[in-house]
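Let's take a walk through a protein together, one step at a time. Please keep the sequence and the 3D view side by side as you read.

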Amino acid sequence: MDPEGQEETRDECDDKQVVTEIMSRCFIPTLITNTPWEGFHFVGHEIRIAEATDCYGAVVWPSALVLCHFLETNAKQYNMVDKNVIEIGAGTGLLSIVASLLGAYVTATDLPELLGNLQYNISRNTKMKCKHMPQVKELSWGVALEKNFPRSSNNFDYVLAADVVYAHPFLEELLATFDHLCRETTIILWAMKFRLEKENKFVDRFKELFDLEELSSFPSLDIKLYKAMKKNRRSA
């Protein structure tokens with residue numbers, strides 16, 4: 001086999017190994033309860049997430065697992081302790097829960113119709129377990145950003161996003177939200193599943209405002225993990 005082919009085979013093996021490790025963090029409850037839930041193991045805790053199959057935002061997608069695994073296994077380089085973190089499109093809250101268990105001040109945000117389930121999951125999995133109790137707030141992308149999240153008080157160290165780009169008509173509003181929430185020093189950690197051409201086009205638009213670095217790629221899941229910061233930052 002030629003060297004290039006050997007490299008591809010090695011990358012495929014590495015991908016499968018890491019993906020297997022990530023997916024092994026999920027478990028299905030053995031007992032049937034009134035509220036259906038799915039279980040996950042992160043940061044030494046058993047996390048129980050209530051899902052709803054009738055809504056995109058009430059299901060745990062693989063991109064969230066990828067980012068949870070990354071935060072846990074890179075806790076030294078991306079230290080969450082006492083950091084100010086906001087998650088956009090938090091959905092079921094799994095990623096915000098993991099960031100909270102890692103010691104961050106977390107604000108989990110999503111559409112108003114998802115906040116009930118989001119608050120339920122966060123409360124049941126973080127109460128008496130976290131250094132800082134996470135907050136849940138409404139955030140509709142591009143809507144009343146200055147009113148609800150004034151730039152003067154935005155001091156986020158990290159913006160977390162998992163699978164926020166898909167077949168919806170609010171991509172420009174999503175980009176405006178990223179831009180509004182970030183200061184020059186804010187780090188975006190973003191996991192994205194590539195499904196359609198829209199994803200590639202959004203990445204191109206995103207790169208007009210942000211310096212984008214690919215941290216990891218998982219071809220078997222069609223997911224990439226990115227780090228981003230605002231362009232034209234002053235030198236630290």
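A residue is called buried when its relative accessible area is under 20%, exposed when that area is over 50%, and partly exposed in between, using a 1.4 Å probe and protein chains only. What you see is a predicted model, where local features need pLDDT of at least 70 and side-chain atom pairs count only at pLDDT 80 or more, while totals for chains, interfaces and linings use all residues. Residues are numbered from 1 along each chain as its sequence is written, and side-chain values use heavy atoms, with hydrogens and water left out.

You will find Asn154 in the loop between α5 (145-148) and β7. The names of helices (H or I, at least four residues) and strands (E, at least two) stand for DSSP runs, numbered from the N terminus. Which residues does Asn154 touch? Leaving aside residues up to four places away in sequence, Asn154 is in contact (heavy atoms within 4.5 Å) with Phe149, His180, Leu181 and Arg183. A polar atom of the Asn154 side chain also lies 3.3 Å from the backbone oxygen of His180. A polar contact is a pair of N or O atoms within 3.5 Å; within protein, one must be able to donate a hydrogen and the other to accept it, and residues adjacent in sequence count only if both atoms are side-chain atoms.

Now step over to the sheet. It is open and has seven strands in the order β6-β5-β4-β7-β8-β10-β9, with mixed pairing. Two strands pair if DSSP finds at least two bridges between them. Why do β6 (135-138) and β9 (210-218) each have one side left without a neighbour in the sheet? These two strands stand at the edges, so each has a single partner strand. From one strand to the next, the twist averages 20°. For angles like this, axes are lines fitted to C-alpha atoms, for helices over the stretch in contact, and the angles run from 0 to 180 degrees between N-to-C directions.

Follow β8 (residues 187-193) next. β8 runs parallel to β7 (residues 158-162), and five bridges join the two. Ala161 has Trp190 of β8 as its bridge partner, and Ala162 has Ala191. Turning to β10, six bridges join this strand to β8, and here the two run antiparallel; Leu189 is partnered with Lys227 of β10. Six of the seven residues of β8 are buried, so this strand is largely enclosed by the rest of the structure.

Helices pack on this sheet too. Helix α2 (residues 62-73) touches β7, β8, β9 and β10 (223-230), and its direction makes about 140° with that of β8. Helix α3 (residues 94-101) touches β4 (84-88), β5 (105-110) and β7, and its direction makes about 175° with that of β5. Let's check the length of α2. Nine of the 12 residues are buried, so α2 is largely enclosed by the rest of the structure; the buried residues include Leu65, Val66 and Phe70.

The loops deserve a visit as well. Gly91 sits between β4 and α3, and at 8% relative accessibility Gly91 counts as buried. Gly91 and Leu115 are 24 residues apart in sequence, and their C-alpha atoms are 8.2 Å apart in space. Most residues other than glycine have a negative phi. Asp82, in the loop between α2 and β4, has a positive phi near 65°. Met128 also has a positive phi near 65°, and its place is in the loop between α4 (115-126) and β6. Asp82 is partly exposed at 38% relative accessibility, whereas Met128 is exposed at 80%.

Finally, look at the cysteines. How many disulfides does the structure hold? The number is zero, where a disulfide is a pair of cysteine sulfur atoms within 2.5 Å. Take Cys26: the closest cysteine sulfur, in Cys68, is 9.7 Å from its own, too far for a bond. Cys26 is partly exposed at 22% relative accessibility, whereas Cys130, at 19%, is buried.
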